[in-house]
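Let's take a walk through this fold together, piece by piece. Keep the viewer open and turn the model as you read.

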Amino acid sequence: MGRLQKILIPFLGLVLAFWFYSARDAFNPEMLRGKRVIVTGASSGIGEQMAYHLARMGSHVLLTARTEPRLQSVVRRCLELGAASARFVSGTMEDTAFAQHVVREAQSSLGGLDMLILNHVGASYFGFFDGDVEHVRKLLEINFLSYVAMTTSALPMLKESQGSIVVVSSMADRAVRAAAEVLQERPAPRDECALEILKGAALRRRELYYRYSSTRLPLLLRDCAAELLDYLVRSRYRLPAPPAAPRPPL
Ligand SMILES: NC(=O)c1ccc[n+]([C@@H]2O[C@H](COP(=O)([O-])OP(=O)(O)OC[C@H]3O[C@@H](n4cnc5c(N)ncnc54)[C@H](OP(=O)(O)O)[C@@H]3O)[C@@H](O)[C@H]2O)c1
């Protein structure tokens, strides 16, 4: 009997812990109904898909990117899908004043903010660094400084609403599309990825890895076996064989 108790009590503890954490993890689309959300980089890709999911869940969406005709059509679709409201502000995130302006727009048109989704990414090329430092500076402005500027401006509203900040990032970033010719793997579906991001955001998860096997596991390898990771990454590319070296004259 004593031995049975020794096994039974920890087992029950495990079952209760599992139940507690699974219950906490249950996502319900109602969590996002009526929420006021900014989505950056919403004219295409994952940002566009997040806008559509939020619209289906009945959120208020404020979308931004540079291409106005694309944003107009995404806003139209969001309204068809059931968004509580949908609007856009077009401009470039190279300009931190524009980034701050988008946040002010949430204040004036939505009266506050529940979620800031930072998703935009500046265009780059796939290949070895060619020494263009100006290009790096521009990417830092788009991919980093504007994120800081928007977060700083949005903090008072997010504190008031006890809202959240979502930062979408990448291991390979635009490499997947730019390297479509040489990559042996197909990218994951954007709408599925967009939904996973929103679920993670609604549940206030600290980090979300999508897809786990091709993001989290390589990152674990990075610190303990960097050379092995380099080898595995290289083996994912079908790079053409380098040209043969010219033969020295006989
Ligand atoms: N796709 C993937 O395989 C993948 C994988 C992992 C992570 N991610 C991450 O997911 C996020 C979205 O990626 P995505 O593939 O969906 O990208 P995408 O389709 O290329 O979309 C990028 C978005 O950013 C906007 N943008 C680009 N430059 C801008 C600028 N200067 N100012 C304002 N907006 C700008 C673009 O709109 P305009 O051109 O109209 O401005 C577009 O809406 C990124 O953070 C990326 O790192 C993507």
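The helices (H or I, at least four residues) and strands (E, at least two) named here are DSSP runs, numbered from the N terminus. Residues are counted from 1 along each chain, following the sequence as written. Keep in mind that this is a predicted model, where local features need pLDDT of at least 70, side-chain atom pairs count only at pLDDT 80 or more, and totals for chains, interfaces and linings use all residues.

Start with the ligand. The largest share of the shell around it, 3 residues, is supplied by helix H2 (residues 45-56). In total, 25 residues surround the ligand, the closest being Gly41, Gly45, Arg66, Thr67 and Ser170. To be counted as near, a residue must have its C-beta atom, placed from the backbone, within 6 Å of the molecule or strand in question. By class, that shell splits into 9 nonpolar, 12 polar and 4 charged residues. For the bookkeeping, Ala, Val, Leu, Ile, Met, Phe, Trp, Tyr, Cys and Pro count as nonpolar, Asp, Glu, Lys and Arg as charged, and the others, Gly among them, as polar.

Now for the sheet. It is an open one of 5 strands in the order E3-E2-E1-E4-E5, with parallel pairing. Strand E3 (85-90) and strand E5 (164-167) sit at the edges, each pairing on one side only. From one strand to the next, the twist averages 15°. Pairing here asks for at least two bridges found by DSSP between two strands. Take strand E1 (residues 36-40) and strand E2 (residues 60-65): they pair in the parallel sense over 5 bridges. Look for Val37, which stands opposite Val61 in E2.

Helix H4 (residues 96-110) packs on the sheet, touching E1, E2 and E3, and its direction makes about 155° with that of E2. Such angles run from 0 to 180 degrees between N-to-C directions, and axes are lines fitted to C-alpha atoms, for helices over the stretch in contact.

What does H4 do with helix H5 (residues 133-161)? The two pack at an angle of about 25°, with their axes 8 Å apart. On the H4 side the contact includes Thr96, Ala99 and Val103, and on the H5 side Leu145, Ala149 and Met157 are among the residues involved. Contact means C-beta atoms, placed from the backbone, within 7 Å of each other. This contact has 9 nonpolar, 5 polar and no charged residues.

Back to H2, which also packs with helix H3 (residues 68-81) at about 25°, their axes 8 Å apart. That makes H2 roughly parallel to H3. Glu48, Ala51, Tyr52, Ala55 and Arg56 of H2 make the contact with Val74, Arg77, Cys78 and Leu81 of H3. By class, it holds 6 nonpolar, no polar and 3 charged residues.

Finally, H2 packs with helix H7 (residues 190-202) at an angle of about 65°, with axes 8 Å apart. Among the residues that meet are Gly45 and Ile46 in H2, and Arg190 and Asp191 in H7. The H2 contact with H7 divides into 8 nonpolar, 3 polar and 2 charged residues.

Note on methods
Contact = placed C-beta atoms within 7 Å. Parallel < 35°, antiparallel > 145°, perpendicular 65-115°, else oblique.
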